[in-house]
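Okay, thanks for coming, everyone.

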Amino acid sequence: MSNDIKLLHGFRVLLRNPDGKPLSAESGINDLIGHALGESVDWVLLPVPRLPEGFLTLRSGIAGAAIQKFVNYRVRVAIIGRIDAELAASNALQSFVLEANRGTTCWFLDTTEEFDARLSAFSTPA
C-alpha cells in the first residue's frame, strides 16, 4: 500500500497516494482502515481519484457505509480533491458534504493545504 504518514499539528496523518486504481467499496476501504489502525493514525487523507466507484452517488450507499466504518473505528477521514461537477449535479451530495464539513470526523476539502489549515484549528488528536 503506497502511503505516507506525517505528523501534522500533533496528529498522525496517513496520506493515500493519489495514483493508482480506485479502492474497492468493501475490501479496499477495510484494508485502508486496517492499515490506518495498524499505524495508529488519527486522520486518513483519501484523494478523490482513489474513491470507490459510485462513492459520490449517495443512493449507492457506498459513501455512507465507508464513512460509518471510519467513524466506528475512530479514524477520521478527509476526502481531498475537487468534486464541483458532482456537487452541481446533486443537491443531496451538497447537503451531505456541507454537514460532513461541519463535523470533526469526515471532511471534503479541495486541497491538502486546506486540510492543513483546518487541522491547525483542532486542539488535540483523537
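This is a predicted model: local features need pLDDT of at least 70, side-chain atom pairs count only at pLDDT 80 or more; totals for chains, interfaces and linings use all residues.

Find helix 1, residues 27-38, and helix 2, residues 62-72. They pack at an angle of about 20°, and their axes are 11 Å apart. Because of that angle, helix 1 counts as roughly parallel to helix 2, the cut-off being under 35 degrees. As for handedness, helix 1 passes helix 2 in a right-handed crossing.

Which residues meet there? On the helix 1 side you have Ile-29, Asn-30, Leu-32 and Ile-33, and on the helix 2 side Ala-66, Lys-69 and Phe-70. Sort the residues of that contact by type and you get five nonpolar, one polar and one charged.

Now the cores. The largest nonpolar core has 27 residues. If you want to click on the ones with the most contacts inside it, go for Val-44, Phe-55, Phe-70, Ile-79 and Phe-108.

Where do the core residues come from? The elements giving two or more are helix 1, strand 3 (43-47), helix 2, strand 4 (76-80), helix 4 (91-102) and strand 5 (106-109). Helix 2 gives the largest share, five residues. And there's a second, separate core of 12 residues, with Trp-43, Leu-45, Leu-109 and Phe-115 among them. For anyone who wants the background, nonpolar side chains tend to be buried together in soluble globular proteins.

Let me zoom in on Ile-79. Setting aside neighbours within four places in sequence, Ile-79 is in contact with Leu-46, Val-48, Leu-51, Phe-55, Trp-107, Phe-108 and Leu-109. Phe-55 and Phe-108 also sit on that list of residues with the most contacts inside the largest core, while Leu-109 is one of the residues of the second core.

You'll find Leu-46 in strand 3, and Leu-46 counts as buried because its relative accessibility is 1%. Again leaving out neighbours within four places, Leu-46 is in contact with Arg-16, Leu-23, Leu-32, Leu-51, Val-77, Ala-78, Ile-79 and Ile-80. Leu-15 is 31 residues from Leu-46 along the chain, and their C-alpha atoms are separated by 6.8 Å.

Next up, Trp-43 and Arg-74. Trp-43 is in strand 3, and Arg-74 is in the loop between helix 2 and strand 4. Buried or exposed? Trp-43 is buried, at a relative accessible area of 0%, whereas Arg-74 is exposed, at 71%. The two are 31 residues apart in sequence, and C-alpha to C-alpha they are 9.3 Å apart in space.

Arg-74 brings me to the backbone. Most residues other than glycine have a negative phi. Arg-74, though, has a positive phi, near 60°. Ser-40 has a positive phi as well, about 55°, and Ser-40 isn't a glycine either. Look for Ser-40 in the loop between helix 1 and strand 3.

That loop also holds Asp-42, which counts as buried because its relative accessibility is 12%, with the cut-off at under 20%. Asp-42 and Phe-108 are 66 residues apart along the chain, and their C-alpha atoms are separated by 16 Å.

Last one: where is Gly-61? Gly-61 lies in the loop between strand 3 and helix 2 and counts as partly exposed, at 34% relative accessibility. Gly-61 and Ala-25 are 36 residues apart in sequence, with 9.9 Å between them in space, C-alpha to C-alpha.

Notes. Residues are numbered from 1 along each chain as its sequence is written. Side-chain values use heavy atoms; hydrogens and water are left out. Axes are lines fitted to C-alpha atoms, for helices over the stretch in contact, and angles run from 0 to 180 degrees between N-to-C directions. Helices (H or I, at least four residues) and strands (E, at least two) are DSSP runs, numbered from the N terminus. Angles under 35 degrees count as roughly parallel, over 145 as roughly antiparallel, 65 to 115 as roughly perpendicular and the rest as oblique. A crossing is left-handed if the near helix is turned anticlockwise from the far one by less than a right angle, and right-handed if clockwise. Contact means heavy atoms within 4.5 Å. Ala, Val, Leu, Ile, Met, Phe, Trp, Tyr, Cys and Pro count as nonpolar, Asp, Glu, Lys and Arg as charged, and the others, Gly among them, as polar. A nonpolar core is a set of buried Ala, Val, Leu, Ile, Met, Phe, Trp, Tyr and Cys residues joined through side-chain atoms within 4.5 Å. Buried means under 20% relative accessible area, exposed over 50%, partly exposed in between (1.4 Å probe, protein chains only).
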